[in-house]
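Here are a few notes on the charged pairs, written with the model open beside me. Have a look at it first, then read on.

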Amino acid sequence: MVRPYTRKDYIRKIPASKIVQYDMGNLSEDFPLQVTLEVKEHTHLSHNALEAARIAANRYLQRTTGRMGYRLKIRVYPHHIVRENPMATGAGADRVQSGMRGAFGKAVSSEALVRANQKIITAYVTPNNFEHAKVALKRASMKLPVSCKLEVEKGSDLVQF
């Protein structure tokens with residue numbers, strides 16, 4: 001696993017995370033069913049990919065179950081700051097830059113370092129909205145750059161898909 005670059009005290013300009021909300025839907029109700037999206041292997045998830053997955057799942061659940069028929073929770077936070085050494089192109093670029101000499105790079109985005117079988121997104125629903133939650137998380141998984149699996153918890157039972 002890559003050592004995370006997270007010391008925000010020493011970094012001048014940190015790009016803001018694009019994730020708007022981490023908890024959505026009906027936060028007060030206690031839902032009996034829990035459908036969770038897990039990654040199958042170790043990966044890095046950018047804040048753009050997490051926000052796209054959140055929007056896809058939230059829109060579908062809001063449209064099908066209603067505004068108060070679900071709760072959606074993003075379970076990872078993008079701490080790792082990604083740096084990039086942009087190379088100049090075009091005429092005279094060879095006189096401007098020195099290639100990879102001293103190439104520390106500028107902070108360009110943030111990522112969540114995710115281990116294999118780690119839970120990413122959880123949807124809490126009632127049993128009659130179970131199929132909608134499965135479809136919503138399947139749509140969210142299409143926005144992520146890694147293969148995912150669904151895990152369902154009902155009370156103390158655990159079922160994997």
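1. R54 is buried, at a relative accessible area of 8%. Its salt-bridge partner is E51, with 2.8 Å between the closest N and O atoms. E51 is buried too, at 10%. Keep in mind that this is a predicted model.

2. How far apart are R54 and E51 along the helix? They sit three residues apart in helix 1 (residues 47-65), so about one helical turn separates them.

3. Next, look at K149, which pairs with E38 in a salt bridge; here the closest N and O atoms are 3.8 Å apart. K149 belongs to strand 8 (residues 148-154) and E38 to strand 2 (residues 33-39), so this contact ties together parts that are 111 residues apart in sequence.

4. Buried or exposed, what is K149? It has 17% relative accessibility and counts as buried, because the cut-off for buried is under 20%. E38 is buried as well, with a relative accessible area of 4%.

5. K119 is in strand 7 (residues 119-125), and the pair links distant parts of the chain, 34 residues apart. K119 is partly exposed, with a relative accessible area of 24%.

6. For the overall tally, a search of the whole structure finds seven salt bridges.

Conventions: Residues numbered from 1 in each chain as written. Predicted model: local features only at pLDDT ≥ 70, side-chain atom pairs only at ≥ 80, totals over all residues. Heavy atoms only, no water. Salt bridge = Lys/Arg side-chain N within 4 Å of Asp/Glu carboxyl O. Helix = DSSP H or I, 4+ residues; strand = E, 2+ residues; numbered from the N terminus. Buried < 20%, exposed > 50% of the residue type's maximum accessible area, 1.4 Å probe, protein only.
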